[in-house]
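Subject: Structure handover

Hello,

Please keep it open while you read.

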Amino acid sequence: LDNIVAKRVIDCVGKRVREYDPYRWEGVPITYQTDFSNNQEYTNIPLIIQIHDALEKEFNIDIDDRRTLLKNVKDCVNFVLENHQAI
């Protein structure tokens, strides 16, 4: 189940980041290790909000943008596993 969720998260996130910022993300492989900040120094808040939105729609969950910043795919997968109820 964890692998299935991870694949769904990767697909969902990959689609959204390429729609939102194709110049940055087109052709870049999205994996479990993908980080959305530059060298841990810069956090792209608008991109992260887009990712939160995509995950909320895909998994029918709520992410409080003021309390949670999912800065990489690993964090996204863990958040979804903790908060998503499989139907």
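Predicted model: local features only at pLDDT ≥ 70, side-chain atom pairs only at ≥ 80, totals over all residues.

Residues are numbered from 1 along each chain as its sequence is written, and side-chain values use heavy atoms, with hydrogens and water left out.

Core

The largest nonpolar core has 23 residues. Such a core is a set of buried Ala, Val, Leu, Ile, Met, Phe, Trp, Tyr and Cys residues joined through side-chain atoms within 4.5 Å; buried means under 20% relative accessible area, exposed over 50%, and partly exposed in between, with a 1.4 Å probe and protein chains only. Val9, Val13, Val17, Phe36, Ile51, Leu55 and Cys76 have the most contacts inside this core. Two or more residues each come from helix 1, helix 3 (45-59) and helix 4 (73-83), and helix 1 gives the most, with 7 residues. Helices (H or I, at least four residues) and strands (E, at least two) are DSSP runs, numbered from the N terminus.

Ile51 touches Val13, Arg16, Val17, Phe36 and Cys76, not counting residues up to four places away in sequence. Contact here means heavy atoms within 4.5 Å.

Helix packing

Helix 1 packs against helix 3 at an angle of about 135°, with the axes 9 Å apart. Axes are lines fitted to C-alpha atoms, for helices over the stretch in contact, and angles run from 0 to 180 degrees between N-to-C directions. Helix 1 and helix 3 are therefore oblique to each other; angles under 35 degrees count as roughly parallel, over 145 as roughly antiparallel, 65 to 115 as roughly perpendicular and the rest as oblique. The residues of helix 1 that meet helix 3 include Val5, Arg8 and Tyr20, and among their partners in helix 3 are Pro46, Leu47 and Phe59.

Helix 1 and helix 4 pack at about 125°, again with axes 9 Å apart, which makes helix 1 oblique to helix 4. On the helix 1 side, Asp2, Val5, Ala6, Val9, Ile10 and Val13 take part, and they meet Val73, Cys76, Val77, Val80 and Leu81 of helix 4.

Single residues

Arg16 lies in helix 1 (residues 2-20) and counts as buried, at 13% relative accessibility. Leaving aside neighbours within four places in sequence, Arg16 is in contact with Gln50, Ile51, Asp53, Ala54 and Lys57.

Asn3 is also found in helix 1, but is exposed, with a relative accessible area of 68%. The C-alpha atoms of Asn3 and Val77 are 9.5 Å apart, although 74 residues separate them along the chain.

Thr34 sits in the loop between helix 2 (22-25) and strand 1 (37-38). Thr34 is buried, with a relative accessible area of 9%, and its side chain reaches the backbone nitrogen of Thr31 at 2.7 Å. Beyond four places in sequence, Thr34 touches Trp25, Pro29, Asn72 and Val73.

Asn60 lies in the loop between helix 3 and helix 4 and is exposed, at 71% relative accessibility. Phi of Asn60 is near 50°, a positive value in a residue other than glycine. Most residues other than glycine have a negative phi.

Regards

Conventions:
Polar contact = N/O pair within 3.5 Å; in protein donor to acceptor, adjacent residues only side chain to side chain.
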